[in-house]
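The entries follow the order in which I looked things up.

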Amino acid sequence: MTSFAEHVAPAAELFPVAAPWPRRLGAAKTSYITRHVIDLVPSGDELMLAPATIPAAGDVILARVESIGAHDWIERPDGRKARLFAGDEIVVAYGARYATDAYEAVVPDDLGPCDLVAAGGMAGRVVGAYSGFAAPTRIVPIGRLAGPDGRGLTVRDGAPIRPAPVPPPVHPPVVAVVGTSMNAGKTTSAASLVRGVTRSGRRVGAAKVTGTGAGNDRWHLVDAGGAPVLDFTDAGFPSTHLVSPDDLVATYFGLLSAVAAAEPDMVVIEIADGVAHVETARLLADPAVRATLSGVLFAAGDALGALSGVNLLRSWHLRVTAVTGMVTASPLAAREAAALVDVPVVTTSELMDPSIAAALVSLDSEAA
């Protein structure tokens, strides 16, 4: 009788030490942030890596997972959460992160070991963390992926949307959703508004123009009925933290132009983090950006946040249509907010009501 071992290939054949590049790339776990770049990597039998340089935001690298920390999964391009194990190879991009309830991270100044700072697929160096937040997953860069010409690839190389210096000459009404901070309920509010307006029979396009690259918010807007739905990674940025004001405004106009080209009845724009965040404040204070906005929906965490946020937005000459977000999760907190502000305080459930949603954005003639 033959043994089981005689029926299988030697271990060296089953698990080659150095897999050819096509198989190696296929085995690597590609991230959401790098989804537009991977097809630019040339096929061949050897691993093609660009000459080493000082890392910059957007550079796409192949890295090995050294140890598992806070992020024990990575988001794949299709949104699936792929579990990570020590020894895995992943395709990620360098970027800076601003997350008051997670990490503050910067782009490293060398190709040495660093951190997986976001599950969407961003590498960086953690310089600060929310108290009690777990230590980051550690990764070791193997090299920067190269294009056909041998030049190192960036997320911008595969981006389908190009930043634009000016807004589109014609576009539908645009409502921005901003908030007091992270986790104030911005994405839930934006998706609820999309759902409500969609239920009223209108077509709604949407875009998330700032933040840290991840598909969760985009899928939420898609599932609510938004079409098309884009985000800043489609314009070539792994995140928008520390992006220059000119690039930030051009990204906004580029995404707005692309969404408006589909001729929706309105556009919902989510602007991440809080209005105190530097990039968010710069974007909202830009006169050309303000001129595109029909109104602003403000997500607040509490009543005082609602009051200060409404006053700040008005100081930037923005029209606040309503307060919503986490403050409305508590009827008592919602009443507190309603006593302090002179705009409607609406729950996310109410935003999904087609008549309320349409009235808030002045799409019904009787609401105008």
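**Backbone, cores and cavities**

I began with Glu-263, which sits in the loop between helix 5 and strand 14. Helices (H or I, at least four residues) and strands (E, at least two) are DSSP runs, numbered from the N terminus. I note that this is a predicted model, where local features need pLDDT of at least 70, side-chain atom pairs count only at pLDDT 80 or more, and totals for chains, interfaces and linings use all residues. Residues are numbered from 1 along each chain as its sequence is written, and side-chain values use heavy atoms, with hydrogens and water left out.

I looked up the phi of Glu-263 and found a positive value of about 60 degrees, although Glu-263 is not a glycine. Its relative accessibility is 61%, so Glu-263 counts as exposed. Here buried means under 20% relative accessible area, exposed over 50%, and partly exposed in between (1.4 Å probe, protein chains only).

I then went to Leu-242, in the loop between strand 13 and helix 5. Phi of Leu-242 is also positive, near 75 degrees. Leu-242 counts as exposed, at 58% relative accessibility.

I checked the peptide bond from Ala-227 to Pro-228 and found it cis, with omega near -5 degrees. Pro-228 lies in the loop between helix 4 (216–223) and strand 13 (229–231).

Next I looked up the nonpolar cores (sets of buried Ala, Val, Leu, Ile, Met, Phe, Trp, Tyr and Cys residues joined through side-chain atoms within 4.5 Å). The largest has 44 residues, and Tyr-252 and Leu-313 have the most contacts inside it. Among the elements that give two or more residues to this core are helix 5 (245–260), strand 14 (266–274) and helix 8 (303–315). Helix 5 gives the largest share, seven residues. A second, separate core has 21 residues, including Ala-190 and Val-268.

Which residues does Leu-313 touch, not counting those up to four places away in sequence? I found Val-178, Val-275, Leu-284, Val-296, Phe-298, Leu-318 and Val-320. Contact means heavy atoms within 4.5 Å.Last, I searched for cavities (sets of points on a 1 Å grid over the protein atoms alone where a 1.4 Å probe fits but cannot get out). There are two of 30 Å³ or more. The lining of the largest includes Pro-51, Tyr-94 and Arg-144, lining residues being those with an atom within 4 Å of a point.

Note on methods. On a 1 Å grid over the protein atoms alone, a cavity is a set of points where a 1.4 Å probe fits but cannot get out, and a pocket is an open set with protein on both sides within 12 Å along at least five of seven lines; lining residues have an atom within 4 Å of a point. Grid points are joined across faces, edges and corners, and a volume is the space filled by probe spheres set on the points.
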